[in-house]
Amino acid sequence: MKKMSIALLLCLMALISACGQGKTEDLFRYEHSFVGDNNAVSQIIKHLPEGQTVEQIELHTIEQPYGITLYVADDFTEEDFNVLAAYLLKLVDNCEWIAAESSTFTEKIVRDKELTEKLHDIETDDELRAYL
């Protein structure tokens, strides 16, 4: 009985610990993804709170420079865009630009040398959020 109680307690602790972890911590497993990997790109967006207003994703993979267009709801903000762009440019290696469009919002950011160098040294979600 005592062994069963300890095993049950350990299982509950593991479950509580897993539930307490932030979703964004898992995003760095998509590091070194490519624009053509629609699953990785959509999972990055889906797991960020700022991604909840993204209605459609268009991957531009036919010719370089490769990029991503996000079609977003009208309540999408510039701050939302900056967060999504930072994560996508950090985690998706060959993404050279990110654009977002709605009836009230249009924005685009292009990867440059300075941005690439800044994002290269970031290794955690906390570091990326602090950069923003």
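# Close-up views of a predicted model

**View 1. The lining of the largest pocket consists of E31, H32, L89, K90, V92, D93, R111, T116, L119 and H120.** A pocket here is an open set of points on a 1 Å grid over the protein atoms alone, where a 1.4 Å probe fits, with protein on both sides within 12 Å along at least five of seven lines; lining residues have an atom within 4 Å of a point. By type, the lining has three nonpolar, three polar and four charged residues (nonpolar: Ala, Val, Leu, Ile, Met, Phe, Trp, Tyr, Cys and Pro; charged: Asp, Glu, Lys and Arg; polar: the others, Gly among them). Two elements, α3 and α4, each give two or more residues to this lining, and α4 gives the most, with three residues. The model is predicted: local features need pLDDT of at least 70 and side-chain atom pairs pLDDT 80 or more, while totals for chains, interfaces and linings use all residues. Residues are numbered from 1 along each chain as its sequence is written, and side-chain values use heavy atoms, with hydrogens and water left out.

**View 2. The whole protein has five helices and four strands.** Helices (H or I, at least four residues) and strands (E, at least two) are DSSP runs, numbered from the N terminus. Along the sequence, their order is α-α-β-β-α-β-β-α-α. The protein has 132 residues, and 38% of them count as buried (buried: under 20% relative accessible area; exposed: over 50%; partly exposed: in between; 1.4 Å probe, protein chains only). Among contacts (heavy atoms within 4.5 Å) between residues at least 6 apart in sequence, 56% join residues at least 24 apart.

**View 3. Helix α3 (residues 78-91) packs with helix α4 (residues 113-120) at an angle of about 80°.** Their axes are 10 Å apart, and the angle makes α3 roughly perpendicular to α4 (the class for 65 to 115 degrees). The axes are lines fitted to C-alpha atoms over the stretch in contact, and angles run from 0 to 180 degrees between N-to-C directions. From α3, A86, L89 and K90 meet L115, L119 and H120 of α4. Four of these contact residues are nonpolar, one is polar and one is charged.

**View 4. Helix α2 (residues 38-46) has A40, V41, Q43, I44 and I45 as buried residues.** These buried residues of α2 pack against β1, β2 and α3.

**View 5. E107 lies in strand β4 (residues 106-110).** Its relative accessible area is 30%, so E107 is partly exposed. Beyond its neighbours within four places in sequence, E107 contacts F81, I98, A99 and A100. L70 is 37 residues from E107 in sequence, and the two are 9.8 Å apart in space, C-alpha to C-alpha.

**View 6. The peptide bond from Q64 to P65 is cis, with omega near 0°.** Most peptide bonds are trans. Q64 sits in the loop between β1 (54-60) and β2 (67-72), and P65 is found in the loop between β1 and β2. Q64 is exposed because its relative accessible area is 62%. Between Q64 and E96 there are 8.4 Å in space, C-alpha to C-alpha, and they are 32 residues apart in sequence.

**View 7. H32 is not a glycine but has a positive phi of about 75°.** Most residues other than glycine have a negative phi. H32 is placed in the loop between α1 (2-20) and α2. With a relative accessible area of 52%, H32 is exposed. H32 is also one of the residues lining the largest pocket.

How values were computed
Angles under 35 degrees count as roughly parallel, over 145 as roughly antiparallel, 65 to 115 as roughly perpendicular and the rest as oblique.
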